[in-house]
Amino acid sequence: MDKLTASLEDYLEAIYNLEINNQVVKPVDISKMFNISRASVTEALKKLANKGLINYGRYEILSLTEQGLNMAQNIVSKHKILQEFFEFELGLSTEEASLNACRIEHVITDNAYQRISEYIRK
């Protein structure tokens, strides 16, 4: 599968976070969360559905497919590890650590992520 854009990864992460909090996920929820138009959300959700990452139909509740769930868990894991690194190792505030983790989780190489992950686990 082609690598997803940072924006599409953010959608997967949002759906995952809503699902694990036992919330029913609707496109309007994501629109409000990101403060963007419903049309933009619909376009992104169609792309994710076409890649087999979410179950989505017009006026239906959203859910992650198994493949989408695995990808979302990977994204969330990267975010958590990077945030921990920035917050606890570099002394950034929680907010700044989270902001940087969100930006970097999309572009970090697997090797760099593995090394940071190993460092955090020690």
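Me: How do helix 1 and helix 2 cross, and within what distance do their axes come?
Reply: This is a predicted model. In it, the axes of helix 1 (residues 6-20) and helix 2 come within 11 Å, and they cross at roughly 115 degrees.

Me: What does that make helix 1 and helix 2 to each other?
Reply: Roughly perpendicular. Angles of 65 to 115 degrees count as that, and therefore this pair gets the label.

Me: And is the crossing where helix 1 passes helix 2 left-handed or right-handed?
Reply: Helix 1 passes helix 2 in a right-handed crossing.

Me: OK, pockets. What volume does the largest pocket have?
Reply: About 210 Å³.

Me: How many residues line the largest pocket, and which lie nearest its centre?
Reply: The lining has 13 residues, and K3, E9, N74, I75 and K78 are the ones nearest the centre.

Me: Which helix gives the most to that lining?
Reply: Helix 4, residues 66-89, which puts in four residues.

Me: What's the class make-up of the lining?
Reply: Six charged, five nonpolar and two polar residues.

Me: Where is N35 placed?
Reply: In the loop between helix 2 (27-34) and helix 3 (38-50).

Me: Is N35 buried or exposed?
Reply: N35 is exposed, because its relative accessible area is 70% and the cut-off for exposed is over 50%.

Conventions
Residues are numbered from 1 along each chain as its sequence is written. This is a predicted model: local features need pLDDT of at least 70, side-chain atom pairs count only at pLDDT 80 or more; totals for chains, interfaces and linings use all residues. Side-chain values use heavy atoms; hydrogens and water are left out. On a 1 Å grid over the protein atoms alone, a cavity is a set of points where a 1.4 Å probe fits but cannot get out, and a pocket is an open set with protein on both sides within 12 Å along at least five of seven lines; lining residues have an atom within 4 Å of a point. Grid points are joined across faces, edges and corners, and a volume is the space filled by probe spheres set on the points. Helices (H or I, at least four residues) and strands (E, at least two) are DSSP runs, numbered from the N terminus. Ala, Val, Leu, Ile, Met, Phe, Trp, Tyr, Cys and Pro count as nonpolar, Asp, Glu, Lys and Arg as charged, and the others, Gly among them, as polar. Buried means under 20% relative accessible area, exposed over 50%, partly exposed in between (1.4 Å probe, protein chains only). Axes are lines fitted to C-alpha atoms, for helices over the stretch in contact, and angles run from 0 to 180 degrees between N-to-C directions. Angles under 35 degrees count as roughly parallel, over 145 as roughly antiparallel, 65 to 115 as roughly perpendicular and the rest as oblique. A crossing is left-handed if the near helix is turned anticlockwise from the far one by less than a right angle, and right-handed if clockwise.
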